Amino acid sequence: MGAVFTQAISFLLIILVGYLFKFFGLLETKDGHTVSKIILNLTLPATIIIGFNTIEINSTLIILMSLGLLANFLLITIGGFLWRKKSSADQALMMFSQAGYNIGNFTIPFVQGFFPQAIPFIGSFDTGNALMIFGGTPLLADKMTGQKRGTRGVKDVIFSLFRSPSFSTYIAMIILALVNMTIPESVLGVVELFASGNAFLSMFMIGLYLELTISRVDLVKVAKLLFTRYTLGISLALIFYFLLPLPKIVRLSLVLVALAPVGTVSTINMVAYGNKTSLSGFLSSISIIISLLLMTTALIFMGL
C-alpha cells in the first residue's frame, strides 16, 4: 500500500512541477510536443520491451487483446446512444470521451515502478485498444453521427497503427515471444536506461498540457461526460475483477485499464469532430487527475 500511495503522490508532484514550469513561463505548452516525441519514440517503447521480454503468448493475452476491442466498442456505442438526440458534434464528444484509454502515457508509467509484472497484460489490452482508437472508433463515430471525418481505407488504418512506435513495439515483442526469442541481457541494460525516464517524462508532459480554465457552460458539459465515463468505467472494473475467471494479477491489470483516463487520440478526435480544443483539453486533464485517484484507491483496496 505504501508503494502505491508514494507513487501517486510522486506523480501528482511531477504533474504540478510541469504545470508550474508552464505557469511561470519557464516552458510552454508547445514544449510538451517535444517531450511527447521523446516518450513515444524512446522511453515508452523501451518500457514495453522490458515488460514484454520474458512473456509467453497464451490464451490469456489473446483474451486481453479481445477485451481491449470489446470494451471500446461497447463504451463508444453506449456513448453514442446516450447523446443520440444532441448535435453530431456533441454526440461525437460523448462517444470519444467514453472510449479510448490513455495507457502508454499514463497507465504503464503509473505501474512500471511498483507493479511491472502487470505491463504485459496492460500492453496486451492496449493492442486491442489501439486497433479501435486508430480505426474502429472513428468508423463507428461516422456511422452514428452521420459525419465522414474518420472514414478511411484499410491501408490507411494499418499505416496509422504502425506509425505508432508503441503499437509497433507491441507487435515486435509478440513476434519475438512467438518464436521464443528474448532480448540479451547486455542489450536489455541499455534499454533500461531509456525506460527509467518514462514515468517522469510522461507525468511532466501531462503537467505541461494541463488545462484548468474553462467556461461555466463547458464545465457542466465536462462534468456530465466524466460522470458517465467513470460510472461506466467503475462498473466495468467491478465486472473484470469479480466475474472474470482469470488470475488475480490479470484482473488487477484490467481494473487499472478500466479506470484509465481519456486517451490522447480520443482527445484529438473530439476536436476533429467539431468540438473546442479548450473543452477537450480540460476534459483530458481532469480525467487524468480523477483516474490517478481512482486507480490508487482501487489498488489500495485490492491489497497491492
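Author: Happy to! Keep in mind that this is a predicted model. The second largest pocket has a volume of about 200 Å³.

Reader: Which helix gives the most to the lining of the second largest pocket?

Author: Two helices, α11 (216-243) and α14, each supply at least two residues of that lining. Among the lining residues are Ile234, Leu259 and Phe301. With five residues, the top contributor is α11.

Reader: How many residues of the lining of the second largest pocket are nonpolar, polar and charged?

Author: Tyr counts as nonpolar here, and Tyr241 is one of the residues that line this pocket. The lining has no polar and no charged residues, and its nonpolar residues number 11.

Reader: What is the volume of the largest pocket?

Author: Let's start with its lining, which is made up of 43 residues. Leu40, Asn105, Thr264, Val265 and Ile268 lie nearest the centre of this pocket. Its lining divides into 20 nonpolar, 19 polar and four charged residues. The volume is about 1,200 Å³.

Reader: Which element provides the largest share of the lining of the largest pocket?

Author: Elements that give two or more residues include α5 (103-111), α6 and α13 (264-272). The largest share is seven residues, and it comes from α2.

Reader: Is Ala130 buried or exposed?

Author: Ala130 sits in helix α6 (residues 119-145). Beyond its neighbours within four places in sequence, Ala130 is in contact with Leu161 and Phe167. Its relative accessible area is 6%, and buried means under 20%, so Ala130 is buried.

Methods
Residues numbered from 1 in each chain as written. Predicted model: local features only at pLDDT ≥ 70, side-chain atom pairs only at ≥ 80, totals over all residues. Heavy atoms only, no water. Helix = DSSP H or I, 4+ residues; strand = E, 2+ residues; numbered from the N terminus. Buried < 20%, exposed > 50% of the residue type's maximum accessible area, 1.4 Å probe, protein only. Contact = heavy atoms within 4.5 Å. 1 Å grid on protein atoms, 1.4 Å probe; cavity = no way out; pocket = protein on both sides within 12 Å on 5 of 7 lines; lining within 4 Å. Points joined across faces, edges and corners; volume = space filled by probe spheres on them.
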